[in-house]
Structure formats: structure tokens, C-alpha cells
Amino acid sequence: MAGLGAAASPLVLPPAVPILPLWLAVLAAVGAGITLDAGFPDKNLWPLTLLGVGIVLVSLVGRTWGGALLVGLVGGATFWGTHIIWLTLYLGPVPWLGLTLFEAVYFALGAILIALVYRRADRVWPGRWGRLGLVPIVIAGLWTLREGINAIFPYGGFSWARVAMSQSDSPFTSLIAWVGMAGLSFLLVWLVAFTVQLCREGRWATDALGRPARILAAVTAAVALLAVPAWSAPTSGTSRIGGVQGDSDAGLFAVHERGDILNDHVSASRFLEGQDPDIVVWPENGSDIDPTTNSLAAGTLDAVSRELGDVPLVVGTIQVRDDKVYNTSLLWQNGAATDHYDKRHPVPFAEWMPNRAFFRSLAPDLVDLVTRDYEFGTTDLTFDIDGLRAGISICFDITDDAVMRAMSAEGAQVVLAQTNNADFGQTDENLQQLAIARLRAVEFGRSVVNISTVGTSAIIGPDGQNITTIPAYEAGAMIADVPLATVATPAAVLGFQIEWLVGGLGLGGLVVALWAGRRRA
């Protein structure tokens, strides 16, 4: 059997040639983008995301950097344009188009790196173990590296639509507790890249696996991943937690009287009377009046707390402190706010406007819609609620790896994820966010109370399964005895080290391919 490198192989291979002509690769990229999106909610056909990855990889084999750029731009624009179409609901096509093109550039840069490896890999690693053992690892590492950088840069990144985020209902979900979000993306792309390499083995007639052997190898790789036992999240006791969904018209352009959103959640809280909750959670912006500065709002929260049995309330609101604006969650008990959390990761171009003067010169009407810039929170991420350590997440905080890992490190026993999806109407944005919350529950072995102004709201167990839900666009409440946990998952312990490892493997493999490939040429 051939060895890892050229010296151990009897073959002298030419540079890889494209599997598809460029025109067909571009058409395939369009199909790949649509297929990738179909794996995410609301279509939720998770195998299609893996198929979409495979189509992208096949389209990149043998491509020059220029061809890879074109394929990546077309595939990325198709995927992102389909995936974030919910942006157009109230904001029109300009923000959607801008973000789509920006993300397409990221996608294309990643495609170029992958194509460079494919073009040189056959010379650098011509042996079977190199082709099947090393190349898929490098390809998956580069894909994950692109996703990781995209999630943090620029302006805090846009941590959305990673391959792993399509798998909330798949049998691969349990892997995330071992390897985290980045590790799950890596393993899934590796599986696809390995399968692509097995299909390519037929081109090496003197050193090729037979078709049955290749099918068996692909099936064995998938079964090996599925055979990894699920992390059994140890739990210790329960807390009876209620969530209130007011079905409030709380969108950016909503027209309502001051206090209407507060009153909606007061009314919906009555569904919990006689249910004996330990904690009641309202969503992000659940009170459109800051109760720390308004005695009427404070009295209203006091009345709700008393009616439900002097229960602590966790309430989202907007606060202004020292002329700075914060998206805040309050712990309200005994007639006062005894703790607060300020959102760590305000969303750029929505909750704050980076480089305002520059972007205003391009689209003044849109930029002026962001009338205030929220501050980045520096508070800790947990509330001590009568001895229960509850992690607090506001909206897209749930997509931020650093926020979630810090929350776990602070000892959160349960995650209270407050959000306001009213700006996205009856699109699939809220379902995508809920799917991410389910993955986080498994990743960190913690129950998640995902509560929205309009839904879909759910209490999710540490195994990622819904305990109870509130349908979207219905006022109501949910309550459950929520399992509590204190033991960190392997993913929480290893943290960013997994992402650095797999990204480093991809980057290291790229460097070797470029350096060694030129020497051999």
C-alpha cells in the first residue's frame, strides 16, 4: 500500500484537473447554494447541507484561483441570499444585498484556499494514505477556519449559518457536546471531503480502491461518527421555570403606545397563576419601560411577582445609564432590580452602526434608522437567583461561542435565552435561532429557556429535545420542571482549543501544499 508522501508512492501525478468545466461548476455552485440552505430550518432537510458541501468541493477540484473565486462568489451569494432573505421583510433589499455580497466574498476566499490545496495535493500527497488521510483533514480545516474567522471579524462577525448549525435535528447532533460548534462543522465537512476523495480514487488506475471498497469506506466513516456515544449530561435537581410570550408588536417600525409591550407580558403572565414557578422569564424588550426609572413600571412588575407567589422575574428592557444605552436583562425581586446583565454582543448595523460617517455616505436613509448605538456589556453572564446560577443570553448572544463558553465557566446551571424576533415576521429566522439554542443545550449540557416576544419559544432539555413550547404569534406562557446541571461538557472544557487545532491543520496543510507543490513542479 502506498505511503504518506511521494517517496513512498510509485506514482508521479500531474496537477489535479477540474472534474467539472467552469461553466458547469458555476451552475453547480448555484445548486449548491440552494441545497446548503435547504438543510437549515425551516426546510430542515439536514442531509442536504452535507450534499451542498459536497457539490462545492467537487466544483473546486482542479480550479485555478480565478475559477475558484468565481465558483465561490456564485455559490456564496446564492446560499446567503437565500438564507437571510428575512432581512428584506422590513428593511428592503439594500441591507440584504450588502450582507449577502459581503458573506459571498468570505465564502469565495475560503473556496480559493480549498482549490489551491486540491490543485497541488495530488503531487504533495500522491500516496493513498495521503489522498484519503490528509487531504480531507486539510480541506475540512480550511472550511472551519473560514467559518471561525467569519464569526468574529469584522465588527464582531456574523456567527450564523455554519455547517454545524444545520444539524439540530440530525443524528450527528450529539457530537457537539464533545467537540463544540467548530468541531462539529469540521467533522461533517471532513466526512464529505473524505467521500469526495473516495470517489476520485478511480482516476488512479494502478493504485485504486474498487467501488465496493470505496462505498464500504464511506459508510464506515459515517458509522464511526454516529457510533460516538452521546454525552450524558449529569443533572442535579430541577427548577420550575416559566416563560412568557406576549405576542407583542415590538419590531423596529412598530407603532404602539408606550407601555403596550409591558402590558402584553403582564396579560400573558396570568397563564402562570397557580403554577408555582420558581422563576419567570420575559423576553428581550419584554418591558418597553425601564422599571428602574419609572415607578409605574416598577409597581407593575411587583404586582406580577406577587400574583405568581413572590416569584423572581427576569425581564428584558432598554436602559440609559450615564448617557449610554444598554440592551439589558434585569433580575427583579423584592421590589427592585437586584442584578442586571448588559448584552455582550450588540449586532452591528442593527444595534450599533460601525463607521457611521462612511456608511451614511452610501445609504443615509438606512443608516439613520439606527438612531442609537448600544454599548457592549461588561457585566458577568449569570444571575444568582436564590442559589440557582442562571446564565443570561440576549438574542444573538446565543450564536457567540465566546459568550456561551464564558457563561459555562461562570457555572451556569441553566441558560435563559431572551430574544425579540418581531422584526422578522413569519420568516424562518426565529426557527434558525431556536435551532441554534437547541445545539447550545447539547453543546454545554444545559437546559435552555428560549423565550421570544413573538416566538417560537421553547424550554429545551440538555439533550436538545423540547420539553414544552409556545406556538409562534400566540400570547401565552410555558412552564416546566427544568433539569439543572453543573458538570462541564468536553466541548466547554476544551473551548477554542478545538477550533485552533482544526483551523491550524487546514492552514498548515495549505502551507505545505503551496511550498512542496512548487518544489515538485
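Okay, a definition to start: a residue is called buried under 20% relative accessible area, exposed over 50%, and partly exposed in between, using a 1.4 Å probe and protein chains only. This is a predicted model, where local features need pLDDT of at least 70, side-chain atom pairs count only at pLDDT 80 or more, and totals for chains, interfaces and linings use all residues. Residues are numbered from 1 along each chain as its sequence is written, and side-chain values use heavy atoms, with hydrogens and water left out.

When I say helix or strand, I mean a DSSP run, numbered from the N terminus: H or I with at least four residues for helices, E with at least two for strands.

Most residues other than glycine have a negative phi, and most peptide bonds are trans.

Let's go to the loop between helix H6 (128–150) and helix H7 (176–200), where Pro154 sits. Phe153 and Pro154 are joined by a cis peptide bond, with omega about -5°. Ala161 is also in the loop between H6 and H7. Its phi is positive, near 70°, and Ala161 is not a glycine. Is Ala161 buried or exposed? Buried, at 12% relative accessibility.

Now over to Asn334, in the loop between strand S4 (324–333) and strand S5 (336–342). Here's another non-glycine with a positive phi, about 55°. Asn334 counts as exposed, because its relative accessible area is 78%.

Last stop: which peptide bond is cis, with omega near 0°? That's the one from Gly455 to Thr456. You'll find Thr456 in the loop between strand S9 (447–452) and strand S10 (457–460).
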